[in-house]
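Dear colleague,

I am passing on a structure that I would like you to look through when you have time.

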Amino acid sequence: MENAFVSVAGESRSAATVYAPRLCAAATRARCLSAAAGSRLIATQRGGRLWNNTLLKNDACASRGLWSRSAQTVSMLSVGDIAPDFTAPDQDGKEWTLSNRAKKSNVVLYFYPKDDTPGCTKQACAFNDALDEFTGLDAEVVGVSSDKSHSAFISKYGLRFSLLSDVDSSLRKLYDVPKTLGFFPGRCTFVIDKNGVIQLKYNSLGNAAQHAVEAKKTLEALKH
């Protein structure tokens, strides 16, 4: 039976196991990841620079240029970290950039395995059914999978939010989305506030509809 791991600001909990993300061993650097066939990523990691170009203290690597994340040993992203910035194509082929969107609202960023599969459909419809509630909580919902096109999936279920293409899994790697049993693409949801800080990390392949529930709980807490 799969454990669903929830990490929220101020606490970490699980139905069976406490999720304990590893701490950073050292300050991480600003870095840039590029993918010719997939998402174009401009990523800034925790401890280096904020993705809105506001410098953090002790940014010793700023003068060294952009670092490739793959060349560094870093801990998994967790609550309290700065969300890596990125730009990726949406269902209409338009560029969607995290830092531009998060200036306007909180962002619910969810990763899922594949369009029009039972669990992913259930997850997308759960977010879609609650979209007005998310809007009321000042949040934009956006999904990410490796599908090249999302148009048919969006049209079939009347989805009212953007879906991004990550054909080479660069975004999954950037956000440390774990695989289930080592090979199934993971299902993971992040809530990112207007300061670019991760407020929720919820990882569960089996509890697809619960992702929307956990995201709403976190946003409601932020509002108070």
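This is a predicted model: local features need pLDDT of at least 70, side-chain atom pairs count only at pLDDT 80 or more; totals for chains, interfaces and linings use all residues.

Most residues other than glycine have a negative phi. S169 is found in the loop between β9 and α5 (170-174), and with a relative accessible area of 23% it is partly exposed.

As for the overall picture, the protein has six helices and 11 strands, and buried residues make up 50% of its 224 residues. Among the contacts with a separation of 6 or more, 67% are between residues 24 or more positions apart. The protein exposes about 10700 Å², of which carbon and sulfur atoms supply 53%.

Strand β8 (residues 139-145) has seven of its seven residues buried, so it is largely enclosed by the rest of the structure. In a regular strand the side chains alternate between the two faces of the sheet. Both faces of β8 are covered, with A139, V141, G143 and S145 buried on one side and E140, V142 and V144 buried on the other. E140 is worth a separate glance, because at 18% relative accessibility it still counts as buried, the cut-off being under 20%. Leaving out residues up to four places away in sequence, E140 touches W96, R101, S105, N106, V107 and V108.

Strand β7 (residues 106-111) runs parallel to β8, and six bridges join the two. Within this pairing, the bridge partner of L109 in β8 is V142, while that of F111 is V144. Six of the six residues of β7 are buried, so this strand is also largely enclosed by the rest of the structure; N106, V108 and Y110 lie on one side and V107, L109 and F111 on the other. β7 is also joined to β10 by five bridges, and there the two strands run antiparallel, with L109 standing opposite F190 in β10.

On the side of β9 (residues 162-165), four bridges join that strand to β8, and the two run parallel; the bridge partner of V142 in β9 is S162. The chain crosses from β8 through helix α4 (residues 151-157) to β9, and this β-α-β crossover is right-handed.

Turning to the helices, α2 (residues 118-129) has 12 residues and reaches 16 Å from its first C-alpha to its last, close to the 16 Å expected at 1.5 Å a residue. Its buried residues are C120, T121, Q123, A124, A126, F127 and N128, and these pack against β7, α3 (131-136), β8, α4, β10 (188-192) and α6 (210-223).

The largest nonpolar core has 24 residues, and those with the most contacts inside it are V108, Y110, F127, F134, V141, F161 and L163. Two or more residues are given to this core by each of β7, α2, α3, β8, α4, β11 (198-203) and α6, and α2 gives the most, with four residues. A second, separate core of 21 residues includes A88, V142, I192 and I198.

A88, in strand β5 (residues 87-89), is buried, with a relative accessible area of 1%. The C-alpha atoms of A88 and D166 are separated by 7.3 Å, although the two residues are 78 residues apart along the chain.

With best regards

Technical notes. Residues are numbered from 1 along each chain as its sequence is written. Side-chain values use heavy atoms; hydrogens and water are left out. Buried means under 20% relative accessible area, exposed over 50%, partly exposed in between (1.4 Å probe, protein chains only). Two strands pair if DSSP finds at least two bridges between them. A crossover is right-handed if, with the strands pointing away from the viewer, the path from the first strand over the helix to the second runs clockwise. Contact means heavy atoms within 4.5 Å. Accessible areas come from the Shrake-Rupley method with a 1.4 Å probe; for residues, only the protein chains shown count as cover. The expected span of a helix is 1.5 Å times one less than its number of residues. A nonpolar core is a set of buried Ala, Val, Leu, Ile, Met, Phe, Trp, Tyr and Cys residues joined through side-chain atoms within 4.5 Å.
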